[in-house]
Amino acid sequence: GRDLICIQSMDGMLMLFEQESYAFGRFLPGFLLPGPLAYSSRTDSFITVSSCQQVESYKYQVLAFATDADERQDTEQQKLSSGKRLAVDWVLNIGEQALDICVVSFNQGVSSVFVLGERNFFCLKDNGQIRFMKKLDYSPSCFIPYCSVQEGTINTLIANHSKMLNVYQDVTLKWATQLPCIPVSVKVANFQDLKGVIVTLSDDGHLQCSYLGTDPSLFQAPKVDSREINYEEMNAEMKELQKIIREATKTQDVLPESEKQGDVTVTAEVSPDLDEESQAIDSEVKAGTAPSITVKITIQSRVTAQKPSLAVCVQAPLSVTCDQFVFGDLEPDSSETVVLSVFLKENCSPSDLEGTCMVSYTIPTELNPEGIPRVAQCNFSLPLKLICFPAQPSKAANHKLTIDTNKPPISFVTIFPDFVDPSEGDQANALGFEFLTGSKTTLLASKTSQRYRIQSDQLEDLWLVTKELIQRLEVHFKKQNCKDFACTFSGSIPLQEYFELIDQHFELRLNAEKFQELLSERAVQFRAIERRLLTRFKDKTPAPLQHLDTLLEGTFREVIALADAAEENQANMFQAFAKLKSATHLVIMLISLWQKLSTDQVAILEATFLPLAEDTQELGWEETVDAAVSYLLRTCLSKSSKEQALTLSSQLSMPKDTSRLKKNITLFCDRLAKGGRLSLSTDSATQQAAVMPGGCATIPESDLEERTIIPGSTEMFSSNGQITKQKSKP
């Protein structure tokens with residue numbers, strides 16, 4: 001009936017308390033730095049990992065009868081004293097520092113000691129013998145053994161620094177899931193009727209309760225004996241079942257009715273003006289202070305909404321002052337309002353100025369008083385002036401685009417009142433934009449033709465201005481009840497410039513792999529030198545270090561320099577991916593205007609060329625887009641049954657170069673130019689060849705390889721991405 005407490009101090013002392021009374025204290029031998037500590041009730045022992053990278057077990061009885069900590073003496077004096085020396089029960093060398101120790105006993109009479117190392121995961125018997133160990137190919141952050149599903153095995157959760165949570169049964173990986181943050185502690189808990197909730201705590205204090213769901217059903221319906229069908233009995237049975245279903249849907253109220261979907265609504269109102277005093281936090285924009293704009297979000301509820309929480313998402317490099325809000329239960333006909341600011345955090349332009357608000361809540365019913373989860377969301381658009389400001393138009397530029405319309409040009413005073421000085425009147429036919437990153441874009445309106453020109457020194461900077469121009473023109477003519485307004489593009493798709501951005505991004509991905517390999521090599525070297533130095537220091541007869549300390553310091557500096565270079569490369573890759581997404585949006589818009597694609601076809605284009613919100617080394621943009629484009633070339637854009645019969649691999653891996661991707665994109669545009677149409681509906685021949693897209697082989701294309709010229713006029717893409725027309729001579 002007493003509480004016994006053991007406290008480990010920074011100097012290696014174990015202090016034992018009975019309730020509030022201090023019992024005794026003991027110093028651990030050979031102590032340098034404190035490690036994880038656990039108590040095994042079955043063997044009545046304390047288990048820890050020492051600075052010698054050894055798992056050590058000390059029995060409580062030995063601790064109690066050893067020399068008292070207040071009378072700590074030298075080794076020789078301790079031998080002569082009356083007290084007993086502190087002796088270790090058992091020792092196991094694991095060769096690395098431990099992150100955590102856990103002692104569990106799920107089977108009667110059998111307990112296991114789990115040790116999570118920096119690169120390995122150990123399971124020991126209570127006498128120190130290894131039951132099993134697992135080498136990890138990632139850096140773990142925390143773990144918890146939680147249950148024994150099969151007799152003789154133990155299930156364990158291990159979280160890592162890649163935001164992944166892995167479920168192991170002994171050494172076998174059973175499941176893996178993605179987490180929103182890196183946890184520093186993980187537990188499995190039961191809350192009321194919900195069992196197996198995974199509770200994680202991040203280093204910045206975010207507590208999350210997650211649930212993996214239910215076990216898959218392995219039931220298979222048995223084969224029925226074939227017999228003659230009695231249609232009259234079947235009709236009678238069907239009517240009876242339909243009657244039961246109707247009665248059940250009338251009386252039960254497990255889920256809210258469909259008309260209650262709009263019980264909670266969320267609206268976002270963006271301020272028309274920028275904030276007088278910028279609310280930007282930790283912005284890396286180099287051009288002075290980054291402006292911010294206020295967004296007012298209102299949640300209205302017509303019924304009782306339990307546990308509402310609001311999440312606000314904007315696309316990086318944009319950021320918000322606060323992205324998560326938690327409210328108390330909303331009463332019927334009540335509302336909550338929050339105000340936040342959006343600003344540009346990184347020193348690169350975003351590819352999208354859209355934001356999303358999502359409210360999650362639960363609505364209780366009679367049969368489910370805890371509530372049915374529901375989600376309401378809305379989108380909001382941020383103004384262009386958040387990331388750029390008016391500037392002097394520039395005459396010269398490296399990249400130019402011309403957008404044709406079927407209506408006379410509109411003065412920029414009318415469609416861009418927030419960027420044009422009203423004193424210029426209707427004569428303003430040139431408009432300059434300067435982004436916060438320092439680049440400039442110029443917009444020109446023709447005085448004689450129905451055309452607009454957008455030009456800039458950077459291809460990716462054309463996207464947002466072009467999108468803003470088309471949107472504002474559509475809004476202007478919609479207000480005038482003009483329904484036949486249309487924009488077209490008749491120039492050449494800038495594929496060569498687009499390919500340069502792809503190569504820049506891919507080169508940074510290759511650099512990231514090289515840095516990772518070099519870091520791994522230097523880390524192995526660093527640990528090897530550490531082991532040799534530790535051996536020298538522990539040797540009873542002093543020996544010269546032979547410059548091992550100098551080598552250790554040099555290796556440490558190399559590791560730090562490589563880590564800094566890898567971090568800088570990661571930041572450059574983030575900016576390159578943002579530029580690539582902007583250029584991809586531009587290419588999609590130009591193709592849709594050039595081929596007059598429908599909304600569904602534009603959606604297919606966006607799903608093909610913009611499949612990833614984030615770019616990682618494991619799954620990158622290049623291999624994903626290559627697989628999607630190859631799939632379209634083999635289905636809706638195929639020219640023969642041979643191409644449809646080609647199979648696609650089911651694995652995605654980082655390619656050696658971008659030549660195949662660039663060839664497939666060029667071929668994709670060439671097929672569209674020759675009348676190909678995007679569609680996900682396939683005929684019977686295509687259905688036989690259609691498989692899930694993956695890594696794919698190069699497509700043999702006779703038109704691009706042989707370049708045969710047929711009589712008449714043909715239209716194709718040249719090597720630099722321009723459309724050229726050729727006529728054969730008679």
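**Reading cavities, pockets and helix packing**

The second largest pocket lies between domain 1 (5–68 + 85–210) and domain 4 (495–674), because both give residues to its lining. Those domain bounds come from an automatic or database domain assignment.

Me: What kind of model is this?
Reply: This is a predicted model: local features need pLDDT of at least 70, side-chain atom pairs count only at pLDDT 80 or more, and totals for chains, interfaces and linings use all residues. Residues are numbered from 1 along each chain as its sequence is written, and side-chain values use heavy atoms, leaving out hydrogens and water.

Me: How is a pocket told from a cavity?
Reply: Both are found on a 1 Å grid over the protein atoms alone. In a cavity, a 1.4 Å probe fits but cannot get out. A pocket is an open set with protein on both sides within 12 Å along at least five of seven lines. Lining residues have an atom within 4 Å of a point. Grid points are joined across faces, edges and corners, and a volume is the space filled by probe spheres set on the points.

Me: What is the volume of the second largest pocket, and which residues lie nearest its centre?
Reply: Its volume is about 1000 Å³. Of its 30 lining residues, Gln 53, Gln 97, Arg 527, Glu 530 and Leu 534 lie nearest the centre. Helix H6 (495–538) and helix H7 (548–595) are the elements that give two or more residues to this lining. H6 supplies the largest share, ten residues. Helices (H or I, at least four residues) and strands (E, at least two) are DSSP runs, numbered from the N terminus.

Me: How many cavities does the search find?
Reply: The whole structure has two of 30 Å³ or more.

Me: How is helix packing described?
Reply: By the angle between the two axes and the distance between them. Axes are lines fitted to C-alpha atoms, for helices over the stretch in contact, and angles run from 0 to 180 degrees between N-to-C directions.

Me: At what angle do H7 and helix H8 pack?
Reply: H7 and H8 (residues 599–609) pack at about 150°, with axes 10 Å apart. That makes H7 roughly antiparallel to H8. Angles under 35 degrees count as roughly parallel, over 145 as roughly antiparallel, 65 to 115 as roughly perpendicular and the rest as oblique.
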